[in-house]
Amino acid sequence: MKEWQQEEHREQKMYAGADGDAVPEEFREARNKGLYYLQFSGKTENEMRKKLAEQGFSPASVEDAVLFLKHYRYLDDEDYARRYVEKNDHKKSIRKMKFDLRQKGVSDDLVEMVFEDMEVDESAQILGLLRKKNYDPEEPDPAKRQKIYAFLARKGFSCDAINSAMKQWE
C-alpha cells in the first residue's frame, strides 16, 4: 500500500475502531463525554481538554477524544471564534471579544485572523448604547456624562472610540 493510504487506513481505525480493533473503553468514554458536552454549547479545544481532564480521563484519552472531535469537525476553534463574534458583535467591544476568545484558549493568530476577516462596527455599538442610556450631549452635569463614559469604558471600548461616537451623537 502507498504511504498515504496506510496513513488514511490508520486514521480510520483510530476514529472508528474499524477492522475489529476495539477502541479502548476509556477512549470511547472520553469521546462520548466530549460529544455530550457539545450538545449544550460549543467549546474550544482548550475548553474541551480542561473539561475532560476534570472528569478524570487520562491525558491519552483526552487527546484521543479531542482528535476524534476535530476529525469529525465537532471541534473547530476558527468556526467557534467566528460564531462568537457574529453572536456578540452588537453588544461587546472588539477588545472584550478578543480577550474572551483568548481566555477560552483560542490562539492569538487565529483571533487576529478572524477579526481581519470580519467587520465589527464599534461606533454603531456605542451609539446604540448611548441611545439605550438616554445620553443627552447637552446635559450640563459633567458627572452624568462621566458616568456614561465610564460605563462604555468598562464595556471595553477605547477612549478614542467613545469620544468619536459622542461627538458623532452631537
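Predicted model: local features only at pLDDT ≥ 70, side-chain atom pairs only at ≥ 80, totals over all residues.

**Charges and backbone angles**

Analyst: Arg154 is found in helix 9.

User: Is Arg154 buried or exposed?

Analyst: Exposure is read from the relative accessible area, and a residue counts as exposed when this is over 50%. Arg154 has a relative accessible area of 64%, so it is exposed.

User: Which residues form the positive surface patch?

Analyst: The patch consists of Lys132, Lys133, Lys144, Lys147, Arg154 and Lys155. Helix 9, which spans residues 142-154, gives the largest share of this patch, namely three residues.

User: How should I read a salt bridge, and how many salt bridges are there?

Analyst: The general idea is that side chains of opposite charge can pair when their charged atoms come close. In this model the count comes to 14 salt bridges. One of them joins the side chains of Asp64 and Arg31, with a distance of 2.8 Å from N to O.

User: Where do Asp64 and Arg31 lie?

Analyst: Asp64 belongs to helix 4 (residues 59-71) and Arg31 to helix 2 (residues 25-38), so their pairing ties together parts that are 33 residues apart in sequence.

User: Are Asp64 and Arg31 buried or exposed?

Analyst: The cut-off for a buried residue is under 20% relative accessible area. Asp64 is buried because its relative accessibility is 6%. Arg31 is buried as well, with a relative accessible area of 5%.

User: Which residue forms a salt bridge with Glu45?

Analyst: The partner of Glu45 is Arg49, and their closest N and O atoms are 3.5 Å apart. Both residues are in helix 3 (residues 45-54); they are four residues apart, so about one helical turn separates them. Arg49 counts as partly exposed at 27% relative accessibility, whereas Glu45 counts as buried at 17%.

User: What is the N to O distance in the salt bridge of Asp100 and Lys96?

Analyst: The side chains of Asp100 and Lys96 meet at 3.1 Å, N to O. These two residues lie in helix 6 (residues 94-103), four residues apart, which is about one turn of the helix. Asp100 is buried at 10% relative accessibility, while Lys96 is partly exposed with a relative accessible area of 32%.

User: Where does Arg73 lie, and is Arg73 buried or exposed?

Analyst: Arg73 is in the loop between helix 4 and helix 5 (77-88). With a relative accessible area of 71%, Arg73 is exposed.

User: What is the phi of Asn134, and where does Asn134 lie?

Analyst: Asn134 has a positive phi of about 55°, although it is not a glycine. The loop between helix 8 (122-132) and helix 9 holds Asn134. Asn134 is exposed, its relative accessible area being 66%.

Note on methods:
Residues numbered from 1 in each chain as written. Heavy atoms only, no water. Patch = residues over 30% accessible without salt bridge, like charges linked within 9 Å, V, L, I, M, F, W, Y side chains within 5 Å. Areas by Shrake-Rupley, 256 points an atom, 1.4 Å probe, with all protein chains shown as cover. Salt bridge = Lys/Arg side-chain N within 4 Å of Asp/Glu carboxyl O. Lys, Arg positive; Asp, Glu negative; His and termini not counted. Charge placed at Lys NZ, Arg CZ, Asp CG, Glu CD. Buried < 20%, exposed > 50% of the residue type's maximum accessible area, 1.4 Å probe, protein only.
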